[in-house]
Amino acid sequence: MSLTETSTGRPRRFSDTLERLGAHGGRKLFLGEIVAAFGERAFGAVMLLFAIVNLLPWPPGGTTLTGAPLLFLSAELAWGRDPLWLPKWLSQASVKRETFRTLSGRLMKIIRFSEALSRPRLYFLTGRLGQGLIGLACLMLSAILVLPVFGGNLIPAVAIGFFSLGIMQRDGLAVLLGWIMTGVTVAVLVLAWNLVVAGFTAGFDWIGRIF
């Protein structure tokens, strides 16, 4: 019996797999081990893990490192690659297993709550075409994540989290929420850009009046 399945052959819950990964021996937990544990659900599961990591309050520039793997994963998803493939350097990326247990333990209530609400529905949103579009959206969101903007990780990470949950659970409603949060992200970017442009314009006008 693998980490991926229960004794009945059914897919093991995301939260249960996280607990088993944390409980295994070895001081370090490698990304390749996580991919193997989730099997065919690896795309959604690994992206969800990185989305959760990017929700943490990182200092400016912190999400440049934590968001970079999502660029690679999103590109694979948009390309339609199945199953998930990782280059050796990325599969060897690791975290202390004790740190993983601590972080996953703190988030377990939220994870289990999300699992209780999600279920397979609106299948067309998680089909091959749907996943390709999700991959493109996550590629854009990941590019925003790697920008060293304080607080700029929250909305894109939430959007990627919904998309990842939708892929993993085949839940089209979660995907719809991901698209809504993507729209919010774009709206915030447009607003921020307009404010920056307006600020520069006002500054140049003020300098022009002085000189």
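Tutor: From the N terminus on, the elements of the protein chain follow the order α-β-α-α-α-α-β-α-α-α-α. Helices (H or I, at least four residues) and strands (E, at least two) are DSSP runs, numbered from the N terminus. The model is predicted: local features need pLDDT of at least 70, side-chain atom pairs count only at pLDDT 80 or more, and totals for chains, interfaces and linings use all residues. Residues are numbered from 1 along each chain as its sequence is written, and side-chain values use heavy atoms, with hydrogens and water left out.

Student: How many helices and strands does the protein chain have?

Tutor: The protein chain has nine helices and two strands.

Student: How should I read the packing of two helices?

Tutor: Two packed helices are described by the angle between their axes and the distance between the axes. Axes are lines fitted to C-alpha atoms, for helices over the stretch in contact, and angles run from 0 to 180 degrees between N-to-C directions. Here, helix 2 (residues 31-38) and helix 3 (residues 42-54) have axes that come within 8 Å and cross at roughly 135°. Helix 2 and helix 3 are therefore oblique to each other; angles under 35 degrees count as roughly parallel, over 145 as roughly antiparallel, 65 to 115 as roughly perpendicular and the rest as oblique.

Student: Which residues of helix 2 and helix 3 make the contact?

Tutor: Contact means heavy atoms within 4.5 Å. Helix 2 contributes Leu31, Ile34, Val35 and Phe38, and helix 3 contributes Ala42, Ala45, Val46, Leu49 and Phe50. By class, this contact has nine nonpolar, no polar and no charged residues. Ala, Val, Leu, Ile, Met, Phe, Trp, Tyr, Cys and Pro count as nonpolar, Asp, Glu, Lys and Arg as charged, and the others, Gly among them, as polar.

Student: At what angle do helix 1 and helix 2 pack?

Tutor: Helix 1 (residues 14-23) and helix 2 pack at about 140°, with their axes 11 Å apart. Helix 1 is thus oblique to helix 2. Phe14, Thr17, Leu18 and Leu21 of helix 1 meet Glu33, Ile34, Ala37 and Phe38 of helix 2. These residues divide into six nonpolar, one polar and one charged.

Student: Is threonine 182 buried or exposed?

Tutor: Buried means under 20% relative accessible area, exposed over 50%, partly exposed in between (1.4 Å probe, protein chains only). Threonine 182 lies in helix 9 (residues 172-210) and is buried, because its relative accessible area is 6%. Leaving aside its neighbours within four places in sequence, threonine 182 is in contact with Met140, Leu141, Ala159 and Phe163. Across the protein chain, buried residues make up 40% of the 211 residues.
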